[in-house]
Amino acid sequence: FILVPNGTITPGDINDHLFQMSWGLFWRLGQAFLYLLFLERLKHSFKHTKYASSHRTFCIFYIGISMFLASYIIKSSIYCYLYNHNHDEDTDSLYAIVGDIDMGITQIIDLSLSIGIMAL
């Protein structure tokens, strides 16, 4: 069992930052691949039936999954920039603000994708 602190990145050891970012990236990739698996299963299960969803519907989900991954990559890029350029008291609040914005966006996209897939 590995205990990983989640959501808190403050100036410190670069190895901790790399570990947390790679852990988060793999977690997001796992969720994205799970969504893709659900969508492919729905696509193939209802192919050539009256319940088949349109290609437009699947494109909307693919865009949502891309936004889900992009939000984490953008947050990690901002964290790396802040880590490499600023080490003062204001940086700590910027870490928190960026993390809170990303968490909010992630929760909204995650909820939308989950409800949307269940509604299909």
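Visitor: How do you know whether Glu 40 is buried, exposed or partly exposed?

Guide: Buried means under 20% relative accessible area, exposed over 50%, and partly exposed in between, with a 1.4 Å probe and protein chains only. Glu 40 has a relative accessibility of 30%, so Glu 40 counts as partly exposed. Please keep in mind that this is a predicted model, in which local features need pLDDT of at least 70 and side-chain atom pairs count only at pLDDT 80 or more, while totals for chains, interfaces and linings use all residues. Residues are numbered from 1 along each chain as its sequence is written, and side-chain values use heavy atoms, with hydrogens and water left out.

Visitor: What makes Lys 43 and Glu 40 a salt bridge?

Guide: The term requires a side-chain nitrogen of Lys or Arg within 4 Å of a carboxyl oxygen of Asp or Glu. The closest N and O atoms of Lys 43 and Glu 40 are 3.4 Å apart, so the pair meets that limit. Both residues lie in helix 1, 3 residues apart, about one turn of the helix; a helix here is a DSSP run of H or I with at least four residues, a strand would be a run of E with at least two, and both are numbered from the N terminus. Lys 43, at 26% relative accessibility, counts as partly exposed. The charged end of Lys 43 also sits over the ring of Phe 58, 5.2 Å from its centre, a label that asks for NZ of Lys or CZ of Arg within 6 Å of the ring centre and within 35 degrees of the ring normal.

Visitor: How many salt bridges does a search of the whole structure find, and why do Asp 102 and Arg 28 count as one?

Guide: The search finds 3 salt bridges. The side chains of Asp 102 and Arg 28 come to 3.3 Å, N to O, which is within the limit, and therefore they count. Asp 102 lies in helix 3 (residues 89–119) and Arg 28 in helix 1 (residues 14–45), so the pair ties together parts that are 74 residues apart in sequence. With 6% relative accessible area Asp 102 is buried, and Arg 28, at 8%, counts as buried too.

Visitor: Why are Tyr 35 and Phe 68 called an edge-to-face pair?

Guide: Rings of Phe, Tyr and Trp (its six-membered ring) pair if their centres lie within 6.5 Å, and planes under 30 degrees apart count as stacked, over 60 as edge-to-face and the rest as tilted. By this rule there are 2 aromatic pairs. The rings of Tyr 35 and Phe 68 have centres 6.2 Å apart and planes at 85°, so the pair is edge-to-face. Tyr 35 is in helix 1 and Phe 68 in helix 2, 33 residues apart. Phe 46 and Tyr 51 also form an edge-to-face pair, with 6.3 Å centre to centre and 65° between the planes.

Visitor: What makes a set of residues a nonpolar core, and which residues form the largest one?

Guide: Such a core is a set of buried Ala, Val, Leu, Ile, Met, Phe, Trp, Tyr and Cys residues joined through side-chain atoms within 4.5 Å. The largest has 11 residues, including Tyr 35, Phe 58 and Phe 68, and helix 1, helix 2 and helix 3 each give two or more residues to this core.
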